[in-house]
Amino acid sequence: MTTAPSRAQKAALIGLFLSVFLAMLDAQVVATALPRVAAEFGGTGAYAWVTTAYLLAGSVTAPVHGKLGDVFGRKRVLLGALALFLLGSVACGLAPSAGLLVAGRVLQGAGSGGLFVSVGASLGEMFTPREGAKYFGWFSICFAVASLAGPVVGGLLTGVAGWRSIFLVNLPLGLLAVVLLKSLDLPRRRKDAPFDFAGVVLLGATITGFTLLTPWSIALGAAAAVAFVLVERRAKAPVLPLRLFRDRTFTVSAVLSVLAGFAFLGSINYIAVFLQADAGPAEGGLRLVPMTIAVAVSSAVASRIIARTGHYRWAPQLSMALGLLAMLGLTTVHGLPLVLSCLVVFGLAAGLNLQVLAMATQNTAPAADRGAVAAGVNLARALGSALGPVALGFAYRAGTHGVFLALLPVLALALVTAFALPHVPLRNHH
């Protein structure tokens, strides 16, 4: 039996999801402003890093924020990540050059990585896994709303007030989140443990190497990954404890997160291009709306069912099955109505796994590793979503049909992996 959140918890929840909404929205609005950025800075190629720097910094710093939250307390780290995000927003809004704009995006990305991890871990501390299930579904709703509003808000602000306004608008909303988060009541903690600087550096090198996906970067990433494992085995307070992989729920969820990020997030740019093939950007964007709504609806419904029953294995299994079915349809059907129908199914599939895996790992994680577990799942999804566009780019040489064909074995592997997820009902206690 779940209890209604108190007034203070409601305020804190609004602050938590406003924070993560800002991080999600920022990744969407910037794309519409890039042409104006290029025009102002003389068409320099550095602006291409405006998006990459944000995503890469978020991936690299997520495990750091998770570990800091486990050591020093979640609220402090969450507020610190929000401050870092707002500082980066100011730096971007006032940047006099493309290089400093990219530097500001690094600060923003570093803050966003902490927001995603800290919000998920905070929910795990505020509620039992069974109670928190429905709130994890709000992540997907934030994602869907940000995806829908991002291009519109970015285009409107850029046209009316200039591209710098898309960063400066974060300040009043971020300060409101800070005020609301004052009511966040979480345990304070302080552990005397050495910080794993070597692990952080090696993990960052591993992520960067595999994300850039060039021959030299892959070699660097592989070497850094081997060194990271060796260092973490001996570290007294590892940034990503290898003991987490002894938990089959965490291991299977991490693998599924990589595959889901690759298939559902890594393919979105190619789907957008596909929908714009016989239409302009505006009409192509409208064609994405049904799929985006399907993401929010399926996630919200799944979260309600999981909160009521305590069972979640069915969600990733159904997700991958529907995703595979949608891709099979896209490789065979013709005509806009049938294509959009397949994309709605694909959206339903994406929403069914977006936060379920985070719930599953929080359910089996010890309290001391809650932040590390949240960071591990977020990191796995980020790696998949970063690898997807690059790897699918080789298949794109044969057109979007090649992309859809390439996703079939990925989703088939994900479906098989989903059935390996252990059955551990959500707990009604911490």
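Leaving aside its neighbours within four places in sequence, which residues is Leu168 in contact with? The answer is Ser89, Val90 and Gly93, where contact means heavy atoms within 4.5 Å. Before we go on, keep in mind that this is a predicted model, in which local features need pLDDT of at least 70 and side-chain atom pairs count only at pLDDT 80 or more, while totals for chains, interfaces and linings use all residues. Residues are numbered from 1 along each chain as its sequence is written, and side-chain values use heavy atoms, with hydrogens and water left out.

Back to Leu168, which sits in helix α6. Helices here are DSSP runs (H or I, at least four residues), numbered from the N terminus. Leu168 and Ser89 are 79 residues apart in sequence, yet their C-alpha atoms are 6.2 Å apart in space.

Now for the charged pairs. A search of the whole structure turns up three salt bridges, each being a side-chain nitrogen of Lys or Arg within 4 Å of a carboxyl oxygen of Asp or Glu. Take Asp26 and Arg105, whose side chains meet at 2.6 Å, N to O. Asp26 belongs to helix α1 (residues 7-40) and Arg105 to helix α4 (residues 98-126), so this pair ties together parts that are 79 residues apart in sequence. Asp26 and Arg105 are both buried.

Arg164 and Glu40 make another salt bridge, at 2.8 Å, N to O. Arg164 is in the loop between α5 (129-161) and α6 (165-168) and Glu40 is in helix α1, so the parts they tie together are 124 residues apart in sequence. Arg164 is partly exposed, with a relative accessible area of 24%, and Glu40 is partly exposed too, at 42%.

Then there is the salt bridge between Glu125 and Arg74, at 3.2 Å, N to O. Glu125 lies in helix α4 and Arg74 in helix α3 (residues 74-94), so here the linked parts are 51 residues apart in sequence. Both Glu125 and Arg74 are buried.

Next, look at how two helices pack. Helix α8 (residues 197-212) and helix α16 (residues 370-395) meet at an angle of about 25 degrees, with their axes 9 Å apart. That makes α8 roughly parallel to α16, a label for angles under 35 degrees. From α8, the contact uses Leu203, Ile207, Phe210 and Thr211, and from α16 it uses Leu379, Leu383, Ala386, Leu387 and Val390.

Let's finish with helix α12 (residues 281-309), which gives the most to a nonpolar surface patch, with three residues. The patch covers about 300 Å² and is made by Leu148, Ile293, Val297 and Val301. Patch residues have over 30% relative accessible area and no salt bridge, and nonpolar side chains (Val, Leu, Ile, Met, Phe, Trp, Tyr) are joined within 5 Å. Ile293, in helix α12, is partly exposed, with a relative accessible area of 42%.

Ile305 is also placed in helix α12, and at 28% relative accessibility it counts as partly exposed. Leaving aside neighbours within four places in sequence, Ile305 is in contact with Gly310 and Trp314. Ile305 and Phe262 are 43 residues apart in sequence, and 26 Å apart in space, C-alpha to C-alpha.

Conventions. Patch = residues over 30% accessible without salt bridge, like charges linked within 9 Å, V, L, I, M, F, W, Y side chains within 5 Å. Areas by Shrake-Rupley, 256 points an atom, 1.4 Å probe, with all protein chains shown as cover. Buried < 20%, exposed > 50% of the residue type's maximum accessible area, 1.4 Å probe, protein only. Axes fitted to C-alpha atoms, helices over the stretch in contact; angles between N-to-C directions. Parallel < 35°, antiparallel > 145°, perpendicular 65-115°, else oblique.
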